[in-house]
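Please keep the sequence and the 3D view at hand while reading.

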Amino acid sequence: METQQSNKAHRGGTTRQGAKKKLHSQGHNAKAFAVAAPRKLERMAKRTSEMNEKKLHVPMVDRTPDDDPPPVIIAVVGPPGTGKSTLIKSLVRRLTKTTLSEIKGPVTVVSGKRRRLTFIEVSNDLNSMIDIAKIADLVLMLMDGNFGFEMETMEFLNILQHHGMPRVLGVTTHLDLFKSQSTLRASKKRLKQRFWTEVYAGAKLFYLSGVINGRYPDREILNLTRFISVMKFRPLKWRNEHPYMLADRVVDLTHPLLIEQNPKVDRKIAIYGYLHGTPLSANSKVHIAGVGDYEIAAVEKLPDPCPTPYFEQRLEEIEREAEKTAAANGEIAPSRRGRRKRLEDKQKIIYAPMSDAHGLLIDKDAVYIDIGDKESFKVDGEPLGLGEKMVTDLQVAAQSMEENLVSSSGLQLFSSSKALNDVESEEEEDEEEEEDNGDRGRTSLRHAKVHEDVHSKITDLGDDDEDEDGEDGFDEEESGYEKRKVIDFNFNDNYNIGDEELQYASESEIGDADDFGETKWQSIGAKLTKNTAKKVWDINKLIYLNNIDPADVIKRWRQEEEDSESEDIEDIEEDFFQKKDDHKVQAETERKHDLETLDKLQEKWSTDHIKSIRSRFMKTPRQRLEDEAEEDDDGNVYGDFEDLEDETESATENGTNTDSENGSDASGNEDEDENESGDDFADFDEEEGSKPPKEDDYTVEELRELNAKKKEKLRQQFEEEEGGLGKQDPEGEEDTWYELQKAKMAKQNEINKAEYDGLDEKERTRIEGFRSGSYVRITFSKLPMEFMENFDPHFPIVIGGLLQTEERFGFLNVRIRRHRWHKKILKSNDPLVLSLGWRRFQTLPVYTTTDSRTRNRMLKYTPEHAYCFASFYGPLVAPNTTFCAVQNVANSQTTNGFRIAATGIVEDLDANAEIVKKLKLVGHPYKVFRNTAFIKDMFNSALEVAKFEGASIKTVSGIRGEIKRALSKPEGHFRATFEDKILMSDVIIMRTWYPVQVRKFYNPVTSLLMEAKTEWKGMRLTGQIRAENNVSTPMNPDSAYKKIERVERRFNALRVPKSIQSELPFKSQISAMKPQNKKTYMQKRAVILNGEEKDARRVIQTISTIKNAKEKKNREKKHEKNQERIKKISKQNEFRQEKERERKKEYFAKQGQKRGMGASASNGDAFGSAKKRRS
């Protein structure tokens, strides 16, 4: 039987996948998204992260108000002759189209819809530079491009760095003096690089060419103003914690008669300006830079003299709301104005009271108006009228009012009145009034104090024949109101009272209002028109009134007691002028002192009553948070698993119902009794009428969710109490910690703003203070008269608010370093002028260093290029406050050197800092025993020795010892023991530490009180006083340097006893040759040379000397050549090694790429077979 042949199945063709097919495996092309240059990508990623980190800074709260920010203070600083005034004039001309002839004091202009700029020119005075550096938001640093950087520029930059470092813009001038463009480009590049080194890399530098018509070119000024208008300013730490103000106007409010009687009397001065920083409290203490610390007498907010056009936007919003309201009511909508895209010429306001802006100049105590060539008040040489004549008479008045009374016949106020020669006293006037009036009292009802014509028109409606001096009219003599203002009583629309029919009332009537907001003239106007003015009672004030019952409080709050109240007020007004009956007074007194019994008080203030009114009182923030947490716990845990059947059952069991939840009397009292008898804590489950579900009702997953929620709440609560993040970002909206902090600050600002917006303006000012951006007038009652007598608008006046800590004085410990550019070294207890906080003062610092953190050792001088510590007495400031120091602020005492002496930072405030200095006591031995010696010349008495018993001493040679006891007979001598025997010639020393006390010296720099404000001089050194008065330094003979003659000491040879020598080992034995008694051959032989032999020896010696000199010279030359050759060879070797290193690097990089490509095929092919590796 034939079997079928079975052949092996055909295998088929093998398809090999190429490299391209492998890359496209699973539909993904790996090479399409590969990085071409991974190293470059890594560098770019690093640079991006570094740039992002550099942008980050410590988040700070910006306290500048958004709606009405204060003007940006721009300081124009530079050496003399760099064009500061020209730059300010050009900027003011560009922004306001106003030409200023002279720059004096601050100049405020409007530069945008919500931005104002205040330009201030800073002179080359060190005091002005320090004060402006503390308040400037932007510094325009002027430099002479043809000359380069000067010392004043570097000084001001160093001052800025230690007072907050605001934004700095560099401005170079005098570039038109360069003739060659290549030289100009090179100079610009050099200035830019140096400016970047001092400020920061990338700082903006503007270039201004020549002056055209007294101003810089318009295009260059336009670029500068555009850059300034878009700049953003980061809040600085010191300014963000203190209120401050740059004064733009000063007025002397002192009475002229007081000045005439005593020209040196303290002045009452008002200073005007915009507030910056934090709100200013009316009763705070401030520091006037250059004057001193003073209490504020009064602060008043004034209308803004230089407002921004932002109010148009507000007006547009109001018009839009009116249009919507009109459209809703079906009325015709009022026309709206289009929003302006730019400032009009009338909106380009300038406010420069100390400069001659628009012909108006405000000086110390006068206002000058430039009228040009016209003469005022005169036509043909005579005054125009009576008013003009009175003004001109006031201007030429040389005598006071009292002198005019004495010299003239009397004082006549009106032409028809009687002349007054004497002033009647108040007692005489009262007596005359009593004689005239008697005891009649009031015969008629009181009328409103208004003008008689209008009063008659209102009451009689047309009866104009009433006597002007009647009882119903307003009598000036009977009223006690002196100052009068014109006001308009718009009582009703039925009475069309014109402008000529105005009433007069006193300032006290208009300004004095009662506690609830209704003034006297409002109530009078309501009575005249028979319309009662309803009072809006303040419930917050009514609650805390002691003389009103609770029922009356509710009635007044609901405005149910108006009629009876008005009648009571009238009765009170009538009773005010009548004598009270003694019986009534006694009855009222007895009724006031009628107290309740103890039982009634206990019943009234029982626990039930207290619990019933507990919800009416406010709770502390902690209690509110606990209540909210408990509510959240109940809502979150049991809110999703309520069972209505269980709720009804629990309500039935507890005997509660819906009424009990709402607070019914019966069930509520029972619950209270149960709570009192049982536990002090309330059972919230019983109050809510429901029980929490049991654990059996939950699944495992639900229980896990509940436990996770509880743990998360506990964790957040713990972190919140411990100061962690807690609930700061529960949703995880912010990516980084920096963004989270900024979001927290923004949220807190919104909360504060919403809280303050609910208050009226007076209440907000009383609580918060006068806000930043307000134009205020600060009045000081007692300022030195030199402040006004020597006032100069060229020097800025800076007022800085002081915190409570900064009002106290004490000792400060600081870390200080002498500036590397200052030539002189600083010495302890030498006077130094510090700029710390708002103050500039002179003090006596003591420089110290720490010895292994055990003691503060005094340093006589500051170390070179290193920090040391210092302690001084002065006003306390917060730690980490930076400061700078100078030795002299007077321009006459400053040399051409760098004036900033030192810079530093406050470490801590410590009044108990112990500073010691090293003191060496020296003595000499006068008796020496084996290990004991008697020492003299170190102490003066046995008591001093007793204080130092047991102290360690040592000799100059290093032998240590200890003080034992004082000797009885020679006073001050003592016995000491040493570790070895000392010599009589040894000097004994003992190191001690002597305490050093810091001197309490504080001398404020009062430069603004001087006539020459740049020449303030404080405490001087004794050497400076001697040099100025040509007094020679007294010479102490003991302090003079002398030539020290030291006797040469001869030490005896070492003598070892023979007994010891014999026992010494062979190696240590002393080999000494015996002295020869016989003379040697050379000693016996005498060689005598003749003349030729002497000459021959001399010639040979000369030749050998010359030969040796030549050889030495040749050796030196050869050594120099070898050194040059060695240097050359070493350079070649370094170059060769560098080339070899690069070649290896390239080679291994290529080999690495090849191996990487071959590794995909097979590891054996990439690394080679074993045979290849062996070969």
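For the helix pairs below, axes are lines fitted to C-alpha atoms, for helices over the stretch in contact, and angles run from 0 to 180 degrees between N-to-C directions. Helices (H or I, at least four residues) and strands (E, at least two) are DSSP runs, numbered from the N terminus. The model is predicted, so that local features need pLDDT of at least 70 and side-chain atom pairs count only at pLDDT 80 or more, while totals for chains, interfaces and linings use all residues. Residues are numbered from 1 along each chain as its sequence is written, and side-chain values use heavy atoms, with hydrogens and water left out.

**The chain as a whole**

- The chain has 37 helices and 35 strands, and of its 1175 residues 29% count as buried, a term that stands for under 20% relative accessible area (1.4 Å probe, protein chains only).
- Contact means heavy atoms within 4.5 Å, and among contacts between residues at least 6 apart in sequence, 70% join residues at least 24 apart.

**Helices α4 and α5**

- Helix α4 (residues 126–133) packs with helix α5 (residues 151–161) at an angle of about 40 degrees, and their axes are 9 Å apart.
- That angle makes α4 oblique to α5, since angles under 35 degrees count as roughly parallel, over 145 as roughly antiparallel, 65 to 115 as roughly perpendicular and the rest as oblique.
- From α4, Leu126, Met129, Ile130 and Ala133 make the contact, and from α5, Glu152, Glu155, Phe156, Ile159 and Leu160.
- By class, this contact of α4 with α5 has seven nonpolar, no polar and two charged residues, where Ala, Val, Leu, Ile, Met, Phe, Trp, Tyr, Cys and Pro count as nonpolar, Asp, Glu, Lys and Arg as charged, and the others, Gly among them, as polar.
- Helix α5 is mostly covered, with nine of its 11 residues buried, including Phe156, Ile159 and Leu160.

**Helices α3 and α7**

- Helix α3 (residues 84–96) and helix α7 (residues 218–229) pack at about 80 degrees, with axes 10 Å apart, which makes α3 roughly perpendicular to α7.
- Leu87, Ser90, Leu91, Arg94 and Leu95 of α3 meet Ile221, Leu222, Leu224 and Thr225 of α7 in this contact, which by class has six nonpolar, two polar and one charged residues.

**Thr862**

- Thr862 is found in the loop between β25 (855–859) and β26 (868–875), and is buried, with a relative accessible area of 5%.
- Leaving aside neighbours within four places in sequence, Thr862 is in contact with Arg818, Ile825, Leu826, Tyr847 and Cys868.

Notes
Buried < 20%, exposed > 50% of the residue type's maximum accessible area, 1.4 Å probe, protein only.
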